[in-house]
Amino acid sequence: MMDLHSPVRDFAVELPLSTRVFHRHHIDFCCGGGVPLEDACAARGLDPAAVLAEIEAEAERASDGTRWDKEPLEALIQHILVTFHEPLTEELPRLDALARKVARVHGGKGYELAELARLFAGLRVELEQHMEKEEQVLFPLILQGRGAMALAPITVMESEHDGAGEILRRLREITHDYAVPEGACTSWRALWAGLEQLEHDLHEHIHLENNVLHPRALGTQA
């Protein structure tokens with residue numbers, strides 16, 4: 001039975017629909033998911049009891065959250081590839097081009113658009129290289145039943161996840177929580193919407209790898 005003292009990541013693993021609540025309140029359940037729910041709420045200025053009630057309401061309202069900690073590893077890896085890796089191959093170049101365009105056209109309007117474009121370009125390269133290493137090295141190891149030997153690549157992957165998380169936090173700062181500026185053009189609005197959705201998807205992506213796939217592969221899942 002989980003309570004306010006349970007780590008955020010445990011809620012995300014055992015009650016997958018709790019991630020809806022965490023997204024709603026910008027609570028980190030992937031890289032920073034090791035902190036108790038009570039502390040995570042305090043850091044965001046939230047009422048922990050109210051957030052716990054929201055999680056319980058989500059759990060009662062729907063039952064479509066797949067327990068990926070119970071599914072075969074092959075199914076989990078396939079889910080990660082289809083749901084996250086494949087869309088990113090199209091979305092990263094699209095958002096990169098949008099970020100460069102908006103920075104070029106609208107630079108100097110009170111937003112750090114040049115920095116945003118630079119940060120995103122770096123994030124794109126990091127994610128593309130990261131996914132290639134997973135697909136060519138880590139995932140094959142796990143699928144071959146040699147996940148227990150994958151501590152070194154997993155350590156590297158999780159360090160890179162932390163780096164991506166830091167960039168996501170900075171992008172949210174620059175965009176003022178993705179509040180669309182008054183008079184923003186269609187490209188600017190599309191960029192903000194795309195970046196916010198990317199953040200949402202990457203949090204889910206990293207959570208499944210850090211908190212479910214990696215512990216299962218290493219045999220350290222509780």
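Colleague: To get my bearings, where does H176 lie?

Modeller: H176 sits in the loop between α7 (151-174) and α8. Please keep in mind that this is a predicted model.

Colleague: What makes the phi of H176 worth a look?

Modeller: The phi of H176 is near 55 degrees, a positive value in a residue other than glycine. Most residues other than glycine have a negative phi. Y178 also has a positive phi, of about 60 degrees, although it is not a glycine. Y178 is found in the loop between α7 and α8 too.

Colleague: What makes the contact between D177 and R172 a salt bridge?

Modeller: The rule asks for a side-chain nitrogen of Lys or Arg within 4 Å of a carboxyl oxygen of Asp or Glu. The side chains of D177 and R172 meet at 3.3 Å, N to O, so the pair qualifies. R172 has 10% relative accessibility and therefore counts as buried, while D177, at 45%, counts as partly exposed. Elsewhere, salt bridges that share partners join E112, E115, R118, R170 and E173 into one network.

Colleague: How many salt bridges does that rule give?

Modeller: The count comes to 18 salt bridges. One of them joins R100 to D96, with the closest N and O atoms 3.1 Å apart. R124 also forms a salt bridge with D96, and there the closest N and O atoms are 2.9 Å apart. The R124 pair links distant parts of the chain: R124 is in helix α6 and D96 in helix α5, 28 residues apart.

Colleague: Is D96 buried or exposed?

Modeller: D96 has 4% relative accessibility, under the 20% limit, so D96 counts as buried. Its two partners get another label: R100, at 47%, counts as partly exposed, and R124, at 23%, also counts as partly exposed.

Colleague: What span do α5 and α6 reach?

Modeller: α5 has 34 residues and reaches 46 Å from its first C-alpha to its last, close to the expected 50 Å. α5 bends by about 45 degrees at L88. Helix α6 (residues 113-143) has 31 residues and reaches 42 Å, close to the expected 45 Å. The bend in α6 is about 40 degrees, at E134. α6 is followed by G145, whose phi is positive, near 80 degrees.

Colleague: Why are α5 and α8 called roughly antiparallel?

Modeller: Angles over 145 degrees count as roughly antiparallel. The axes of α5 and α8 cross at roughly 150 degrees and come within 9 Å. That angle is past the cut-off, and α5 and α8 are therefore roughly antiparallel to each other. α5 passes α8 in a left-handed crossing.

Colleague: What makes α6 and α7 roughly antiparallel as well?

Modeller: The reasoning uses the cut-off of 145 degrees again. α6 and α7 pack at an angle of about 155 degrees, with their axes 10 Å apart. They are therefore roughly antiparallel to each other. The crossing of α6 and α7 is left-handed.

How values were computed. Residues numbered from 1 in each chain as written. Predicted model: local features only at pLDDT ≥ 70, side-chain atom pairs only at ≥ 80, totals over all residues. Heavy atoms only, no water. Helix = DSSP H or I, 4+ residues; strand = E, 2+ residues; numbered from the N terminus. Expected span 1.5 Å × (residues − 1). Bend = angle between axes of the 7 residues up to and from the residue. Buried < 20%, exposed > 50% of the residue type's maximum accessible area, 1.4 Å probe, protein only. Axes fitted to C-alpha atoms, helices over the stretch in contact; angles between N-to-C directions. Parallel < 35°, antiparallel > 145°, perpendicular 65-115°, else oblique. Left-handed = near helix turned anticlockwise from the far one by under 90°.
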